[in-house]
Amino acid sequence: MDSKKEKLLKKAYDEYIDLMLYDFPIEKISEIAVNDVTGYGTTLDEKVLEIKRLKKIVTDQREQGAGLEMQISIMPVYRRISPDEDTAIYMDEFEISMVVDGAKNVIPVRLSSVFEFSNNTWKLVHLHGSKAVETEEDTWHLNEWKQKSEQLQKLVDEKTAELLKQNRELEIEAALERVRNRSLAMHNSNELVEVV
């Protein structure tokens, strides 16, 4: 690839990352993404089928992240340029750290991005972001599910034991209340046998 085209690709990628993670002007989004850009973000509702949806995702990210101090590290994983040098695929891993309510929160994110070259410009045509889950060699997350299930069962068992104890205490209290009421209703000592 000639150096001019390569520099344009680097500029498009850098501006795209600036858009997604920093402060690239949102009103210039059409300069770096095609109108029918597609992809997925990291949450269930982040499905992109047009530039307006991508713009909304970025706007939401910025609003939700307002006031948060974030540190972001980028680890390039893979770069591929098509044989005709008009398509580029980028794979990156990010580690986004922030302090929320005094606790450090680290989010591992994976991002795949596809750019196309047309009319002397590189533009984003597809993206896919995902949050890496903290499990290994558990493709279907069965062990993770079992652990959560065991934790939930332990919590249910603890709450059940606590409720049984409270119920027994209430039964004893009710029995004592009946004895007290009957004792107060006694008129002579012969009725003491009934109370006992």
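Tyr13 is buried, at a relative accessible area of 9%, where buried means under 20%, exposed means over 50%, and partly exposed is anything in between (1.4 Å probe, protein chains only). This is a predicted model, so local features need pLDDT of at least 70 and side-chain atom pairs count only at pLDDT 80 or more, while totals for chains, interfaces and linings use all residues. Residues are numbered from 1 along each chain as its sequence is written, and side-chain values use heavy atoms, with hydrogens and water left out.

Tyr13 also belongs to the ring story. Rings of Phe, Tyr and Trp (the six-membered ring for Trp) pair up if their centres lie within 6.5 Å; planes under 30 degrees apart are called stacked, over 60 edge-to-face, and the rest tilted. A search of the whole structure turns up 5 aromatic pairs. Tyr13 and Phe115 make an edge-to-face pair, at 6.4 Å centre to centre and with 70 degrees between the planes. Tyr13 sits in helix 1 and Phe115 in strand 5 (residues 103-118), so this pair ties together parts that are 102 residues apart in sequence. Helices (H or I, at least four residues) and strands (E, at least two) are DSSP runs, numbered from the N terminus. Phe115 is buried too, with a relative accessible area of 0%. Ring pairs link Tyr13, Tyr16, Tyr90 and Phe115 into a cluster.

On to charges. A salt bridge puts a side-chain nitrogen of Lys or Arg within 4 Å of a carboxyl oxygen of Asp or Glu, and the whole structure has 8 of them. One of these joins the side chains of Lys11 and Glu15, at 2.9 Å from N to O. Lys11 and Glu15 are 4 residues apart in helix 1 (residues 3-21), which means about one helical turn separates them. Lys11 is partly exposed, at 45% relative accessibility. Another salt bridge links Arg168 with Glu171, where the closest N and O atoms are 3.3 Å apart. Here the two residues are 3 apart in helix 3 (residues 142-184), so Arg168 and Glu171 are again separated by about one helical turn. Glu171 counts as partly exposed, with 41% relative accessibility. Arg53 and Asp45 meet through their side chains as well, at 3.9 Å from N to O, and Asp45 is exposed at 55% relative accessibility.

Helix 2 (residues 51-65) has 15 residues and reaches 21 Å from its first C-alpha to its last, close to the 21 Å expected at 1.5 Å a residue; the expected span is 1.5 Å times one less than the number of residues. Its buried residues are Ile51, Leu54, Ile57, Val58, Asp60 and Gly65. These buried residues of helix 2 pack against helix 1, strand 1 (33-40), strand 2 (47-48), strand 3 and strand 6 (121-131). Just after helix 2 comes Gly67, with a positive phi of about 85 degrees.

Most residues other than glycine have a negative phi. Glu85 has a positive one, near 60 degrees, without being a glycine. Glu85 is found in the loop between strand 3 and strand 4 (87-100), and is partly exposed at a relative accessible area of 28%. Asn119, not a glycine either, has a positive phi of about 55 degrees. The loop between strand 5 and strand 6 holds Asn119, which is exposed at 73% relative accessibility.

Last up is Met70, in strand 3 (residues 70-81). Met70 counts as partly exposed, at 34% relative accessibility. Together with Leu68 and Val100, Met70 makes a nonpolar surface patch of about 200 Å². Patches are built from residues with over 30% relative accessible area and no salt bridge, joining like charges within 9 Å and nonpolar side chains (Val, Leu, Ile, Met, Phe, Trp, Tyr) within 5 Å; the areas come from the Shrake-Rupley method with a 1.4 Å probe, and for residues only the protein chains shown count as cover. Leaving out residues up to four places away in sequence, Met70 touches Gly65, Ile96, Ser97 and Met98, where contact means heavy atoms within 4.5 Å. Ser97 lies in strand 4 and is buried, with a relative accessible area of 8%. Beyond its neighbours within four places in sequence, Ser97 is in contact with Glu69, Met70, Gln71, Lys104, Asn105 and Val106. Met70 and Ser113, by contrast, are 43 residues apart in sequence and 22 Å apart in space, C-alpha to C-alpha.
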